[in-house]
Amino acid sequence: MIVFDLRCVKDHRFEGWFASNEEFERQLARGQVSCPYCDDTRIEKALSPVAIKKSSSSPSNREAALQAWAQLCRYVQNNFEDVGHNFAKEALKIHCGLAEERQIRGVTTGAEEEILKEEGVPFAKIPMPQQLDN
Ligand SMILES: [Zn+2]
């Protein structure tokens, strides 16, 4: 649910609850949103920021992003071999066919990243939460 601060043309302010921004726009276009004080349907969003009601079924964008990130971290931790500080070396070996092709994770220095980039080795950097390394 999203709650908008709304106001009518007579500057009455009130809150409106909607399933989504699209739903709000749809109801507004149909004249289904009216001022509780004067019944005017000429409504617009007040300038105050939109508040998003938190609930488990509709997490905010930030929560959704955090969940996706946590999922990615878990996936990497469970499915990638941890080669620690040897990441650049191993990635290069795999890239050159000198080591078995597999998914690896680890840490690199900035200089190592430059080498990987120059060699065209595909890799992605994601921030890992500390507790996953335990
Ligand atoms: Zn009004």
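Here is a short briefing on the fold, core, helix packing and backbone of this protein chain.

This is a predicted model, in which local features need pLDDT of at least 70 and side-chain atom pairs count only at pLDDT 80 or more, while totals for chains, interfaces and linings use all residues. Residues are numbered from 1 along each chain as its sequence is written. The protein chain holds four helices and six strands, where helices (H or I, at least four residues) and strands (E, at least two) are DSSP runs numbered from the N terminus.

**Fold and confidence**
- Starting at the N terminus, the order of elements is β-β-α-β-β-α-β-α-β-α.
- The mean pLDDT (the predictor's confidence in each residue, from 0 to 100) is 85 for the protein chain, and 86% of the residues score at least 70.
- Among the elements, α1 has the highest mean pLDDT (93), and strand β4 (residues 51-52) has the lowest (52).
- Two residues are in contact if their C-beta atoms, placed from the backbone, lie within 7 Å; of the contacts between residues at least 6 apart in sequence, 46% join residues at least 24 apart.

**Burial and core**
- A residue is buried if 20 or more other C-beta atoms lie within 10 Å of its own, exposed if 12 or fewer, and partly exposed in between, with C-beta atoms placed from the backbone. Of the 134 residues in the protein chain, 8% are buried.
- A nonpolar core is a set of buried Ala, Val, Leu, Ile, Met, Phe, Trp, Tyr and Cys residues joined through C-beta atoms within 7 Å. The largest one has eight residues: Phe4, Leu6, Cys8, Phe24, Leu28, Val33, Cys35 and Ile43.
- Both β1 (2-8) and α1 (21-29) give two or more residues to this core, and β1 gives the most, with three.
- Beyond its neighbours within four places in sequence, Phe24 is in contact with Phe4, Gly16 and Phe18.

**Helix packing**
- Helices α3 (residues 87-95) and α4 (residues 110-119) pack at an angle of about 10°, with axes 10 Å apart; axes are lines fitted to C-alpha atoms over the stretch in contact, and angles run from 0 to 180 degrees between N-to-C directions.
- The pair is therefore roughly parallel, a term for angles under 35 degrees.
- Ala88, Ala91, Leu92 and His95 of α3 meet Glu112, Ile115, Leu116 and Glu119 of α4.

**Positive phi**
- Most residues other than glycine have a negative phi.
- Asp11 has a phi near 70° and lies in the loop between β1 and β2 (13-18); Asp11 counts as exposed because it has 9 C-beta neighbours inside 10 Å.
- Asp39 has a positive phi of about 65° and lies in the loop between α1 and β3 (43-45); with 8 C-beta neighbours inside 10 Å, Asp39 is exposed.

Technical notes
Angles under 35 degrees count as roughly parallel, over 145 as roughly antiparallel, 65 to 115 as roughly perpendicular and the rest as oblique.
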